[in-house]
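Student: I want to go through the ligand site and the pockets of this protein. Can we take it step by step?

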Amino acid sequence: MQDIRVSFTQLFNNTAAIVVQSPGRINLIGEHTDYNNGFVLPAAIDKCVQVAFAKRRDGALHMHAIDLQETVIISTIALQPQATSWVNYIIGVVAQVQKYIANTPSFTGAHELDHGFDICIQGDIPIGAGLSSSAAVECAVIFALNEMYQLGLTTMQMALMTQQAEHEFAGVKCGIMDMFASLHGKSNQVLLLDCANLQHTYYPLDLKEYQIVLFDTQIKHALASSEYNTRRLECEEGIKRIQNKYPSVQTLRDVSKQQVEECLAPYKNLDATLADKNNTISNKVYHRCKYVVDEIARVQLAVKDLLAGKMHAFGQKMFDTHEGLSKLYEVSCPELDILVNAVKDNPHVLGARMMGGGFGGCTINIIKKSEVQAIIKAVTDIYAQKTSYTLQIHQVKIEQGTHIK
Ligand code: GAF
């Protein structure tokens with residue numbers, strides 16, 4: 001990446017007052033559990049976004065994306081989602097901060113934030129690879145605003161506000177994992193996050209003779225965000241059905257495997273058309289909820305494996321997660337399945353699965369260090385034979401979360 005302070009000065013004829021760096025994330029296990037109040041096990045990585053920032057005085061936001069060579073200028077007043085997606089990750093956060101300021105009695109009068117700012121962004125997180133480049137931008141922006149305008153936000157508040165920004169300006173009803181991991185990551189540590197109460201514990205990640213390798217499908221299907229939101233709704237439908245019998249249940253975190261069977265398995269043979277006709281839920285709801293409840297339990301067992309050094313057991317759980325995401329939750333795609341199948345029976349691969357929201361992006365693999373190059377070669381060949389895409393490889397390190405550069 002270029003020296004962002006130099007770029008900032010060239011672009012805005014001004015000196016950057018602050019530079020903030022915010023990482024992407026991987027997630028070892030716990031997928032589509034965050035918005036169901038479950039557990040996740042992410043870590044921040046050494047691929048990041050940087051923002052450089054300085055205040056203005058004319059009420060305008062001057063935003064420049066260095067990698068895309070695009071500039072957008074808008075007023076700070078009445079911010080609304082824009083057609084350019086990267087802009088929404090900035091102004092979505094500004095809108096949340098404006099709301100926070102308006103609702104915080106100690107900030108009186110017109111706030112300086114409304115006078116505008118110059119910002120430029122750059123990064124090396126591959127976009128659409130499921131490594132949370134958008135969350136990294138949002139976290140970098142809120143961190144910079146917090147410093148520059150002395151907002152006094154905790155990183156916990158920042159995580160919640162950036163999640164809301166993503167809901168309102170990017171239209172994805174995401175959970176908290178990506179922002180939380182980007183803001184709270186620590187070098188060489190994974191983060192077990194309980195999404196029900198945001199309590200989190202760090203564990204050193206010692207993979208011994210193994211390492212993490214990401215295989216990037218190079219595709220992002222257009223239906224990723226709409227299907228993501230649909231999955232959330234399907235989980236909510238399941239909860240409503242379970243509440244008929246167990247009214248104290250609030251989220252899938254409160255639900256046992258037995259309750260899923262008892263309340264939702266009766267619909268397991270109803271496809272969408274039949275379900276519509278009978279005005280009831282379909283077999284999809286059963287499958288979605290079964291996956292989530294299984295996965296929440298699986299993460300807790302996987303952490304025990306990790307702590308006990310039972311790496312094979314941990315890896316097997318990653319494969320199980322993939323199976324559930326592919327068959328029950330239906331957020332995989334043929335390309336991701338090809339990549340997982342390509343390593344499934346390899347004795348040097350402990351575990352592999354699709355990572356993130358799905359419908360493209362990366363698989364995360366735990367591979368014996370001595371075999372990494374041979375496996376990369378083999379998987380690259382298989383992927384080239386079976387698809388029209390060229391596999392990309394990312395070898396990532398676990399790094400610290402959002403910070404001032
Ligand atoms: C995306 C979302 F942003 C996360 O909140 C999470 O739900 C993930 O998909 C799936 O685990 O990255």
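This is a predicted model: local features need pLDDT of at least 70, side-chain atom pairs count only at pLDDT 80 or more; totals for chains, interfaces and linings use all residues.

Tutor: Residues are numbered from 1 along each chain as its sequence is written, and side-chain values use heavy atoms, with hydrogens and water left out.

Student: Which residue has a side-chain N or O atom 2.5 Å from an oxygen atom of the ligand?

Tutor: Take the polar contacts (pairs of N or O atoms within 3.5 Å). A ligand oxygen is 2.9 Å from a polar backbone atom of G175. A polar side-chain atom of D178 lies 2.8 Å from a ligand oxygen. The 2.5 Å distance, from a ligand oxygen to a side-chain N or O atom, belongs to Y228.

Student: How much of the ligand's exposed area does the protein bury?

Tutor: Accessible area comes from the Shrake-Rupley method with a 1.4 Å probe. Taken alone, the ligand exposes 310 Å². The protein buries 92% of that.

Student: Which element gives the largest share of the lining of the largest pocket?

Tutor: A pocket is an open set of points on a 1 Å grid over the protein atoms alone, where a 1.4 Å probe fits, with protein on both sides within 12 Å along at least five of seven lines; lining residues have an atom within 4 Å of a point. The ligand takes the space of the largest pocket. With four residues, the largest share of its lining comes from helix 3.

Definitions and conventions
A polar contact is a pair of N or O atoms within 3.5 Å; within protein, one must be able to donate a hydrogen and the other to accept it, and residues adjacent in sequence count only if both atoms are side-chain atoms. A molecule sits in a cavity or pocket if more than half of its atoms lie within 2 Å of its grid points. Helices (H or I, at least four residues) and strands (E, at least two) are DSSP runs, numbered from the N terminus.
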